[in-house]
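Me: I have a structure open and would like to go through it with you. Can we start with the contacts between chains?

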Amino acid sequence: MRPRDENERQFAADIDRLLRGEESLSVQDDADYAEALQFAQRLMQLRDEPTEQFAGKLRNRLVVKLAEQDARQEKSVPWFVRLFSRPSLRLAVVSTFMVVAAVGLLWRADLLAPLSPRADEAGPGIMTTPDPSAPPETEERTAAPDNDMLTMEGVPPAAVPDTTLMVVGHVPPHAAYSEPMSITFEFRNEGTEPVSLAFFPPAVHIRDAATGDIVYSFAPGERSHAIRPMEVRSYRIDWDQQDLQGSQVQPGRYMIDVAVAEQTVADERWRTEMMTVATFSIETVNSGD
Amino acid sequence: MLAEADPHTGGPGRAESGQGEQVRSRREEFEDMYDTCMPRVYRYVSYRTGNPSVAEDITAEVFEKALRHFDNYRKEKASQATWLMAIARNAITDYFRREGRVQVVREEDAPEEVSEVPAVEEQMERSEEVRQLRLCLAGLPKIDQDIISLKFGAGMNNREIARTLQVSESNVGTRLYRAVQRMREAFKGWEHETQR
C-alpha cells in the first residue's frame with residue numbers, strides 16, 4: 001500500500017492522462033488503487049458533448065448580441081470622439097486640416113499672391129469649381145440595378161473579410177412614412193472556390209442611424225447554403241416600418257446590418273460577420289395629406 | 001476529444017487604433033473564448049445536471065452573462081475557463097435553487113446508450129448503471145460534485161479546479177480521491193444488490 005498522499009497525487013495525474021486519452025503510468029501493484037482508476041474510467045463515460053446545432057445557434061445569437069452591445073456603446077460616445085475613432089473619417093478630417101493649414105501658411109507667406117491675377121488661366125488648383133461636363137452625383141446614384149432599388153450612398157458592396165463574398169443591400173433611398181418596404185440582399189461569390197453560408201437567410205437588423213439603436217430585427221434561418229464561384233444569391237425581406245414593440249418607427253435615417261455566418265476554408269470554423277450594407281430614409285409625415 | 005489544451009488566458013483585447021478595430025478585436029476575443037471554452041462549459045454543466053436540455057439552457061445563460069460582463073473580465077485575475085466555470089457554477093446553483101433545491105435523477109434524464117445493434121436488456125442495464133452513477137454523484141457534498149464534474153466533465157486539471165473553486169490544489173487532490181472512493185463504495189453496494 002502506498003501512502004495516501006502519494007495515492008492522491010498519483011490519482012490526479014493518472015486521471016489527467018486518461019482524460020487526454022493516454023495510458024496511466026501507475027504500476028498496478030495496488031488493487032484498491034487500480035479499482036479506483038477503473039471506476040474513474042466509468043465516470044468519464046458520463047460526459048456529454050454539445051450538439052453542433054446548439055453550438056452554432058448559440059454562437060450566432062451571441063454575435064448578434066455583441067453587435068447590439070457595440071452599437072449601444074458607440075451611441076454613448078460623443079460625436080466628435082466617434083468621428084475621430086473611425087480611421088477613414090479621421091484620415092479625411094486630418095487631411096482636410098493639413099491642406100487648409102498648408103494653404104494658410106502659403107497665403108501668409110504671400111506665396112499664393114502671384115497666382116491670383118492669373119487664376120482664370122491656371123490649371124486645376126487646390127480650390128476648383130466642379131467640372132460642368134461631369135455628370136451630377138445624383139445621376140450616378142440613380143443608376144442602380146433592379147428598377148428603383150438602390151444601394152445606399154456611402155455604402156458600397158460589403159466584402160466579407162478574408163473571403164471572396166460580397167454582400168449588397170438594395171433598398172429605396174427614400175421610403176414613404178408607414179409604407180411597407182422591401183429590402184433585397186445579394187450575396188455574390190467573386191472567387192474561384194465555393195463559400196458556405198450558415199443560418200441562411202441571415203439575421204438582419206434595422207438601426208436608427210442617429211442613435212445606433214436597433215429598431216427591428218429579422219431572426220436568422222437555420223439552413224446552410226453554398227454559393228458557387230461567380231454565383232449570385234438574392235434574398236428579399238419585407239418590412240412594415242414597425243419596431244420591435246409593433247409601433248411605427250419615426251421618420252429619419254436608418255441603417256441595415258446583416259449577420260453573415262460563413263465557414264472559412266482554412267480552419268473550417270464558422271464565424272459571423274456583422275456588416276452595414278445599406279441605409280435609407282423614412283420621409284417626414286406630410287400633415288397636409 | 002476528452003481534454004483540450006490548456007485554456008488560453010487572453011482577455012478582451014483593446015486595440016490602440018480606432019473604434020472599428022477595437023470593436024473587431026473585442027468580438028474576435030469573445031468568439032475565440034466561445035470556441036475554446038463552450039464545449040468545456042457545456043460538459044461541466046451537463047455532468048453536474050445530468051440533463052442535456054438543461055445543460056444547453058445554462059450554457060447559453062453563462063455565455064450571455066459573460067458577454068454582458070466581458071469588459072470587466074481581467075485576465076490577470078483568472079483564465080477565461082476559470083472565469084466561465086465560476087459563472088457556470090453560480091448558474092447551476094441558481095438552477096437547483098429554482099428547481100426546489102433537490103437534485104433529482106429521473107429515469108428519463110439517463111442518456112440513452114448509442115450502439116449499432118443494442119440488445120434491449122444490455123441497453124437497460126447500461127441506462128440503469130448511468131442513472132446509478134448519477135445518483136452516487138448527487139449523494140456527494142456540493143463541492144465534491146463540482147470537483148468531479150470539473151474533472152471528468154470539463155477535463156480541468158487540479159490547478160484550474162482549485163482556482164475555480166478557490167481552494168488549495170492539494171485540497172482538490174484529496175477531495176477528488178476521496179469523492180471517487182465514496183462514489184465507488186456506493187456504486188459497489190448497488191451492484192451487489194442487483195447481482196443478488
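Me: Is B:Arg184 buried or exposed?
Reply: This is a predicted model, and in it B:Arg184 is buried, with a relative accessible area of 3%. The cut-off for buried is under 20%.

Me: What does B:Arg184 form a salt bridge with?
Reply: The partner is A:Glu35, and the closest N and O atoms are 3.4 Å apart. The pair crosses between chains, with B:Arg184 in helix 7 (residues 169–195) of chain B and A:Glu35 in helix 2 (residues 31–44) of chain A. A:Glu35 counts as partly exposed, at 31% relative accessibility.

Me: How many salt bridges over all chains?
Reply: The structure holds 23.

Me: What about A:Arg42, which residue does it pair with?
Reply: A:Arg42 forms a salt bridge with B:Glu129, and the closest N and O atoms are 3.4 Å apart. This pair crosses between chains, from helix 2 of chain A to helix 4 (residues 120–138) of chain B. A:Arg42 is partly exposed at 26% relative accessibility, while B:Glu129 is buried at 16%.

Me: And B:Arg43, where is its partner?
Reply: B:Arg43 has a salt bridge to A:Glu49, with the closest N and O atoms 3.1 Å apart. A:Glu49 is in the loop between helix 2 and helix 3 (52–76) of chain A, and B:Arg43 is in helix 1 (residues 19–49) of chain B. B:Arg43 is buried at 2% relative accessible area, whereas A:Glu49 is partly exposed at 37%.

Me: New topic. Why is helix 5 of chain B largely enclosed by the rest of the structure?
Reply: Helix 5 of chain B has 12 residues and 10 of them are buried, so the rest of the structure largely encloses it. Among the buried ones are B:Ile147, B:Ile148, B:Leu150 and B:Phe152, and also B:Asp144 and B:Lys151.

Me: What span should its 12 residues have?
Reply: At 1.5 Å a residue, helix 5 (residues 142–153) of chain B should span 16 Å, and its end C-alpha atoms are 15 Å apart, which agrees. Just after this helix, B:Gly155 takes a positive phi of about 70°.

Me: Now the surface. Which residues form a nonpolar patch?
Reply: A:Val94, A:Phe97 and A:Met98 do, with about 330 Å² of accessible area together. A:Met98 is in helix 5 (residues 87–108) of chain A, and A:Met98 is exposed, at 55% relative accessible area.

Key
Residues numbered from 1 in each chain as written. Chains lettered and ligands numbered in written order. Predicted model: local features only at pLDDT ≥ 70, side-chain atom pairs only at ≥ 80, totals over all residues. Heavy atoms only, no water. Helix = DSSP H or I, 4+ residues; strand = E, 2+ residues; numbered from the N terminus. Expected span 1.5 Å × (residues − 1). Buried < 20%, exposed > 50% of the residue type's maximum accessible area, 1.4 Å probe, protein only. Patch = residues over 30% accessible without salt bridge, like charges linked within 9 Å, V, L, I, M, F, W, Y side chains within 5 Å. Areas by Shrake-Rupley, 256 points an atom, 1.4 Å probe, with all protein chains shown as cover. Salt bridge = Lys/Arg side-chain N within 4 Å of Asp/Glu carboxyl O.
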